[in-house]
Amino acid sequence: LFDEPISNQYAKIRVQMSTEIRKLHLRLQTTMVYVTHDQTEAMTMGDRIVVMNKSLIQQVADPLTIYERPANRFVASFIGSPPMNFLRGTVARGERNTLVFNEGTFRLRIVDEMWQTLVPYIGKPVVFGIRPEDLYDKLFLTDAPAESLVTSTVEVVEPLGAEVYLHLKVGQHAVVARVGPHDRPEVNQDLDLVFDMGKAHFFDVETEATIV
């Protein structure tokens, strides 16, 4: 028999506390300000979130907006677990009047909806962001377009029950993909990784502000 780890007990207490605070908020129907460093608490308890860095407000919005449309790289990296992957590269012209993100060792086609916003960045360095849940194993997504595929190498496989974290080497970068529980490739295996480019984010290298 094993005693439950202190960390698990602490996590349960925090969940119970958060639940009771949320119930109190709903019952009182009044404005409450809750300060936390825990992103999960912020996302689940807050109607609006104020993300701060070094005492400066970075973004004020509802949880879904913070998650889907972060104002800058800091907000994008703070919200989400595992955190967003960031890759450096440039915006370049592709075939048939398209744009691509050029990492140096691979290229990904940028969706047409982002074309106009990214045209001024052609030939310039950018930071490309993609969340772990927006990366897929082609084995489980057979109709993926070739322009969104990159061959990666599996470095670590972390089974977590309901999901699996894949730590991958992609070009010059290390990325994490959050996939289904039955997707468990072998370490050092090559894997065709699908990028959901409709969920991609681009950040200015100098200001770190979101471009699109």
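**Exercise 1: valine 205**

Find what valine 205 touches, leaving out residues up to four places away in sequence, with contact meaning heavy atoms within 4.5 Å.

Solution. Step one: list the partners, which are Arg88, Pro125, Val126 and Val127. Step two: check the distance to valine 127, which sits 78 residues apart from valine 205 along the chain, yet their C-alpha atoms are separated by 6.1 Å. Valine 205 counts as partly exposed because its relative accessibility is 25% (buried is under 20% relative accessible area, exposed over 50%, partly exposed in between, with a 1.4 Å probe and protein chains only).

A word on the model: it's predicted, so local features need pLDDT of at least 70 and side-chain atom pairs count only at pLDDT 80 or more, while totals for chains, interfaces and linings use all residues. Residues are numbered from 1 along each chain as its sequence is written, and side-chain values use heavy atoms, with hydrogens and water left out.

**Exercise 2: glutamate 41**

Is glutamate 41 buried or exposed, and what does it touch?

Solution. Step one: locate glutamate 41 in helix H2 (helices are DSSP runs of H or I, at least four residues, numbered from the N terminus). Step two: look at its relative accessibility, which is 5%, so glutamate 41 counts as buried. Step three: skip neighbours within four places in sequence, and the contacts of glutamate 41 are Arg14, Met17, Ser18, Tyr34, Thr36 and Gly46.

Note on methods:
Helices (H or I, at least four residues) and strands (E, at least two) are DSSP runs, numbered from the N terminus.
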